[in-house]
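Work through the exercises below with the model open. Each task is followed by its solution.

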Amino acid sequence: MASDRSAAHPLPYTTYPQAIERETARLAEVVRGVDPATPVPSCPGWTVADLTRHVGSLQRWFSALLSRLVQEPPRSREVELGLPDSAQEYPRWVEAGIPQVAAVLEATDPLAPMWAWGADQHARFWARRMLFETLVHRVDAELSTGHASPLDPELAADGVDEFLVNLPHAHLFAPAVAELKGDGEVLVFQCAGAATGGGAEETGPDAGEEWWVRLGADGFRLLDRAAAADTASPDARTTVRGEAADLLLLLYGRRSYQDSAFEVTGPPATLDRWFAHTAF
């Protein structure tokens, strides 16, 4: 498994701390006053309490890694959480962690070398990862309570990129990713503003974004556009076209490619194989 795409961030680093603060505050707002035992349908087996504890714990762990600029995989995920005794207090606890996270991210040099499980071996990896962990789980919280709010399309497109760039490395905790192989088939994840040839397209912050993935006998590869132009015949290509926010939730298993939000062309069996191996 490999990638021809750069791991560099397409958005300014300051985007991530600001968005993390907004998404965390929104999640805390959504779950405040909700029965902690409420099921989270998009995370089978989890309750709202589980979801809230997960986000707060993960943010504190990421912050600890950034504070130490760890240079090798940590042997333990034990950090001081200050977790309340009552699950009813989890939303306030998550919210109370916002200033600490903000201070750590502000004090961190995004280009500082450090260990990361993904493609980008710099501190900025963790800020980007923290954002999309928080953003997707904010959506999970909303799905569990029946409240929905939009996803910023520019952030969503960046989230698609972050997921696909790092997916080849996710076998560390999602073993099925290592078994994702094929015979040269190509998957294209295309934002609705991307041109398909010939006609004018609508414009927007995610317009023109698309990601090409080739499945080979030795695994899968995320291609840059130059390489993508020379790969796979149309018969071996499956394209999923949708808004950036919908594509992000599709990749995270919160949507189905059969939903009306998506236009799919090409063999759907390639998509079935993809989603059978990429859940994490």
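**Exercise 1: a helix pair**

Helices α1 and α4 are roughly antiparallel to each other, a label for angles over 145 degrees. This is a predicted model, where local features need pLDDT of at least 70, side-chain atom pairs count only at pLDDT 80 or more, and totals for chains, interfaces and linings use all residues. Residues are numbered from 1 along each chain as its sequence is written, and side-chain values use heavy atoms, leaving out hydrogens and water.

Task: find the crossing angle of α1 and α4, then list the residues in contact.

Step 1. Take α1 as residues 15-31 and α4 as residues 98-107. Helices are DSSP runs (H or I, at least four residues), numbered from the N terminus.

Step 2. The two axes come within 10 Å and cross at roughly 170°. Axes are lines fitted to C-alpha atoms over the stretch in contact, with angles from 0 to 180 degrees between N-to-C directions.

Step 3. From α1, Pro-17, Ile-20, Glu-21, Thr-24 and Ala-25 make the contact (heavy atoms within 4.5 Å). From α4 come Ile-98, Val-101 and Leu-105.

**Exercise 2: the cores**

Task: which residues have the most contacts inside the largest nonpolar core?

Step 1. Join buried (under 20% relative accessible area, 1.4 Å probe, protein chains only) Ala, Val, Leu, Ile, Met, Phe, Trp, Tyr and Cys residues through side-chain atoms within 4.5 Å.

Step 2. The largest core has 63 residues. Trp-126, Leu-164, Phe-189, Trp-211, Val-213, Phe-220 and Trp-274 have the most contacts inside it.

Step 3. Helix α5 (residues 124-145) gives the most to this core: nine residues.

Step 4. Another core, of 10 residues, lies apart; Leu-27 and Cys-43 are among them.

Technical notes:
Helices (H or I, at least four residues) and strands (E, at least two) are DSSP runs, numbered from the N terminus. Angles under 35 degrees count as roughly parallel, over 145 as roughly antiparallel, 65 to 115 as roughly perpendicular and the rest as oblique. Buried means under 20% relative accessible area, exposed over 50%, partly exposed in between (1.4 Å probe, protein chains only).
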